Amino acid sequence: MTTDEERAEHVEANRAYWNDHGVADHGPLARDHWAASEPRWGLWRTPESELSVFPPDVAGKRVIELGCGTGYVSAWLARAGAHPTGIDISEGQLEVARRMAVEFGLDFPLVHGDAEKLPYDEGEFDLAISEYGASLWCDPHRWIPEAARVLRPGGRLVFLRPSPLFALCAAEDGPAGPRLLRPQFGTRRLDWGQSFEFTLPHGEMLRLLRSCGFEVEDLVEIRAPEKAHREYDYLTAEWARNWPCEELWRARLR
């Protein structure tokens, strides 16, 4: 777990990053995400029909989206009949989400707050979900215990994050290549200068989830499609067809 000083450092750095670069980069994409007829996940826009991120009984469930950004996952949940609440540390991201909610005629809570210190009581939610929100930008030794705390017994945790392998191969300048650039042992918090990301290897993630009362039900390593819709400065589709760059975890609170 990060120290209190380290926590203050990454929280404020990530807040500033998402209020600035995050809004500039992701704000223009929000409308397309909100308008999607089917949820599409992650870097390669993998369709919900392939991943089944949402539980089949999501209608009527109370859901907390941890690090909701521009709110499109909560919008998808609302259309599926769930009762979502989105929480995010970035005021700028939430401003975009609120504009989208008005434009698309959806109404659900969008809360300014920190997924590492949730402002909710125990057992308030049936499902906690994160797509590249808390799952990447928050300390897992803080946000996962918080997710467990606010879930009811039998509640589910679902999160999409970059794979540990991608974190080991990610370059500071240019796309990931077929070489390990940093050690697995000791690489938990990545300092990118303006922001911090978190990664845990599979064994440590599994032990953390179990220590918080979760039973892991599935781990899906996601592969880029043969015809990718785009490339990224930090990642090519060719790389992600050979090695998993992102993964989906599903767990249930015992």
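Trainee: Which residues lie nearest the centre of the second largest pocket?

Mentor: This is a predicted model, in which local features need pLDDT of at least 70, side-chain atom pairs count only at pLDDT 80 or more, and totals for chains, interfaces and linings use all residues. Residues are numbered from 1 along each chain as its sequence is written, and side-chain values use heavy atoms, with hydrogens and water left out. A pocket here is an open set of points on a 1 Å grid where a 1.4 Å probe fits, with protein on both sides within 12 Å along at least five of seven lines, and lining residues have an atom within 4 Å of a point. The lining of the second largest pocket comprises 14 residues, and those nearest its centre are W44, T46, P47, E50 and P225.

Trainee: How do the residues of that lining divide into nonpolar, polar and charged?

Mentor: Ala, Val, Leu, Ile, Met, Phe, Trp, Tyr, Cys and Pro count as nonpolar, Asp, Glu, Lys and Arg as charged, and the others, Gly among them, as polar. On that basis the lining of the second largest pocket holds seven nonpolar, two polar and five charged residues.

Trainee: Why is the pair of F166 and Y234 called tilted?

Mentor: Rings of Phe, Tyr and Trp (its six-membered ring) pair if their centres lie within 6.5 Å, and planes under 30 degrees apart count as stacked, over 60 as edge-to-face and the rest as tilted; by this rule the count comes to 16 aromatic pairs. For F166 and Y234 the centres are 6.3 Å apart and the planes stand at 55°, so the pair is tilted.

Trainee: Is F166 buried or exposed?

Mentor: Buried means under 20% relative accessible area and exposed over 50%, with partly exposed in between, using a 1.4 Å probe and protein chains only. Y234 has 37% and is partly exposed, whereas F166, at 11%, is buried.

Trainee: What is the bridge partner of G86 in β5?

Mentor: Strand β4 (residues 83-88) and β5 run parallel and are joined by three bridges. The partner of G86 in β5 is L110.

Definitions and conventions
Pairing = 2+ DSSP bridges. Helix = DSSP H or I, 4+ residues; strand = E, 2+ residues; numbered from the N terminus.
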